[in-house]
Amino acid sequence: MKKIYLLTLLLSVSGWLSAQTFLTEDFSAGAMPPAGWTIDAHAANWSADASANAGGVAPEAVFFYNPDFIGTSRLISPVIDLTGYTSVKVMFKHFLDDYDALGGYTLGVATRSGGGAWTVAWSVDPLSNIGPEEKIIDISNGDVGAPDFQFCILFDGDSYNLDYWYIDDITLFVPYAVDGAMALITTPPYIGGAVPVEGQVRNLGNNTITSMDISWKVSDDMIYTTTFSGLDMDFGQSYNFTCNDLFHFPIGGYDLDVWISAVNGTADNDTSNNLKSKEMSVYSHSIYRKPAFEEFTSSTCGPCANFNTSFNPWTENHAGEITLIKYQMDWPGNGDPYYTEEGGERRMYYGVSYVPWPQCNGAYVDYTIGAVETAYQDAILKPGIAKIAASHTLDGTEITVNANILPFANFNDFRAHIIVIENETTGNVSTNGETVFHHVMMKMMPDADGTALNMLDRQTVTLTETVDLSGTNIEEFDDLSVVVLFQDYANKEIFQSEYSVQDGVFASESTCTALTYNGMPVPGFSPDVFDYEIALPEGTTEVPVVEATLADANGTAVVVPAWELPGTTVVDAFAENLTGRSTYNIHFSVEVGIGETGENSQITIFPNPAKNSLQIRNALKTDIHIYSITGQLVKTVNDYDGSLINISSL
């Protein structure tokens with residue numbers, strides 16, 4: 001979670017040359033203005049939105065053109081005591097979404113003291129988009145050194161000439177001599193195997209950084225360190241690193257910590273910015289990820305008509321491989337009459353500033369077919385780590401949708417969106433020449449925010465939504481489809497999409513008809529037996545490859561291999577409906593050669609706990625006595641030969 005810090009320190013003369021962070025603001029409280037900050041005019045244009053377009057972490061500050069005005073608006077910091085200082089730095093991330101290269105406005109940072117006149121410290125007059133980028137501004141004007149210093153983020157000019165200005169991670173500070181900062185961990189959060197730990201570091205100190213030690217660990221596991229030498233990083237410069245050791249762990253969720261452990265061969269002066277953490281998940285299974293295309297468009301938009309002459313045939317040619325939703329906007333002109341407030345909220349979520357605006361899996365795509373095809377080809381290379389089975393029924397104007405979502409990893413702060421579309425409409429014909437419109441969004445269930453989800457690997461979530469569609473723009477109730485989207489709320493990436501099946505009935509059969517290991521049948525396999533013991537030949541070190549044949553070919557088999565030997569491979573067989581589930585456990589052990597057990601040999605009992613049978617390592621030619629928890633002798637094995645001991649009756 002992001003935090004806000006405002007530090008007011010009593011400084012001695014000897015401390016004036018030391019580094020200090022006076023203020024940081026990352027808008028994590030979601031308030032606008034944040035606590036201690038003020039807005040001098042046009043406060044309605046400022047908000048704290050659940051987006052991360054400036055390059056930080058949601059939420060962030062947003063300046064929006066509407067309601068449009070001509071004038072000045074400032075987001076003003078709290079009063080800060082800079083007594084004894086002659087210069088400071090302001091650092092912040094930002095991204096400008098310009099409207100149409102019209103100019104006519106200025107963005108900037110200004111300072112004042114004693115509540116007096118503002119002095120501009122940095123400004124830019126945009127004619128196009130800017131960033132996302134991080135700015136560092138040196139300030140050494142007459143306001144620095146005052147006990148009542150303030151700075152502001154300002155807009156001046158015609159607000160109509162921009163769309164959005166996103167701002168995040170504002171810091172006012174004086175640099176240390178040696179200060180390396182961990183900026184980002186770029187290793188993907190969802191992985192299917194061994195990957196390198198990667199990220200970005202930055203020099204925020206006055207001294208040049210020539211070497212850096214970067215360490216990482218997972219939970220309480222061992223620490224891995226890589227030394228990067230031959231660097232030449234001056235203040236403000238960044239370096240993208242790749243550590244030597246791979247992140248390679250069993251299927252499951254992990255907390256990854258990455259930090260700077262040394263700079264220029266010694267300790268960093270400021271350790272507060274050395275560490276970054278990231279939730280990681282090694283997924284258990286992957287399938288085809290069906291790309292979701294969303295287009296923001298309008299029947300009053302000429303460029304939309306031009307784009308759709310090629311986009312519509314493209315989507316028809318890929319109909320079985322993608323999902324498609326179109327949100328009709330209420331601009332330009334008088335707007336499309338099939339605009340809805342839910343479509344407007346979706347537009348705000350993505351930061352859409354013009355039409356046509358196509359998206360693929362939550363990311364903007366330029367409105368050319370070449371760009372669409374490239375986005376599609378990139379999208380189908382990404383694994384699908386969730387599966388959706390959805391059906392819907394229509395009773396007059398009332399629709400009921402049942403959606404089952406099976407995740408193959410742990411997912412936090414995701415959203416499920418259930419979206420009713422009409423396949424073709426003609427009632428919204430307006431001014432751009434289009435006479436038929438396709439996949440027009442009519443209703444988002446339960447609303448534009450969707451359903452919040454925190455999910456665990458292989459734990460199916462079932463959603464049911466019912467709504468009366470009589471108040472919508474639907475022209476023909478027998479021409480409806482439903483799309484289900486599974487989306488990361490923070491970064492907007494869509495991890496899976498699927499069409500619902502009208503009146504669909506999905507099979508509930510979840511058993512296997514066969515299990516094999518390294519191509520050989522599992523001995524004694526039966527669909528209704530779920531635990532197996534297999535002793536592998538002495539010296540076996542590789543975990544056998546287990547494969548499953550399902551009773552229903554439309555089901556899903558997830559094989560989670562043992563991490564080491566001895567160990568257990570788990571086969572989860574899911575029915576077509578994704579709720580039926582059968583779990584098979586194959587316990588692998590390794591036979592041990594005959595010989596005396598040495599004094600220092602460790603005796604191992606596995607599996608532990610055991611239900612039907614167990615084996616004991618390093619106990620050959622030994623008499624085994626098994627006692628109950630009350631101390632009663634319940635079984636004896638004389639001259640143990642290393643085979644399975646049957647305990648099913650105990």
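1. A quick term before we start: a residue is called buried when its relative accessible area is under 20%, exposed when that is over 50%, and partly exposed in between (1.4 Å probe, protein chains only). By that rule Thr 226, at 3% relative accessibility, counts as buried.

2. Some housekeeping. This is a predicted model, where local features need pLDDT of at least 70 and side-chain atom pairs count only at pLDDT 80 or more, while totals for chains, interfaces and linings use all residues. Residues are numbered from 1 along each chain as its sequence is written, and side-chain values use heavy atoms, with hydrogens and water left out.

3. Back to Thr 226, which sits in strand S17 (residues 224-228); helices (H or I, at least four residues) and strands (E, at least two) are DSSP runs, numbered from the N terminus. Leaving aside residues up to four places away in sequence, Thr 226 touches Met 212, Asp 213, Ile 214, Cys 243 and Asn 244 (contact means heavy atoms within 4.5 Å). The Thr 226 side chain also reaches the backbone nitrogen of Asn 244 at 3.0 Å.

4. Next, helix H1. Its 16 residues (302-317) should span 22 Å at 1.5 Å a residue, and the end C-alpha atoms are 24 Å apart, which agrees; the expected span is 1.5 Å times one less than the number of residues. H1 does bend, by about 40° at Asn 308, the bend being the angle between axes fitted to the seven residues ending there and the seven starting there.

5. What covers the buried residues of H1? The cover includes strands S22 (292-297), S23 (323-328), S24 (357-360) and S30 (437-445), plus helix H3 (369-379). Among the buried residues themselves are Phe 307, Phe 311 and Trp 314.

6. On to charges: the structure holds 14 salt bridges, each a side-chain nitrogen of Lys or Arg within 4 Å of a carboxyl oxygen of Asp or Glu. Arg 458 meets Asp 457 at 3.0 Å, N to O, and Asp 572 at 2.8 Å. Asp 572 lies in strand S41 (residues 567-574) and Arg 458 in the loop between strands S31 (451-455) and S32 (461-468), so this pair ties together parts that are 114 residues apart in sequence. Asp 572 is buried at 0% relative accessibility, and Arg 458 is buried at 14%.

7. Two more to look up. Lys 217 forms a salt bridge with Asp 257, with the closest N and O atoms 3.7 Å apart. Lys 93, Glu 134, Asp 169 and Arg 202 are linked in a salt-bridge network.

Conventions:
A polar contact is a pair of N or O atoms within 3.5 Å; within protein, one must be able to donate a hydrogen and the other to accept it, and residues adjacent in sequence count only if both atoms are side-chain atoms.
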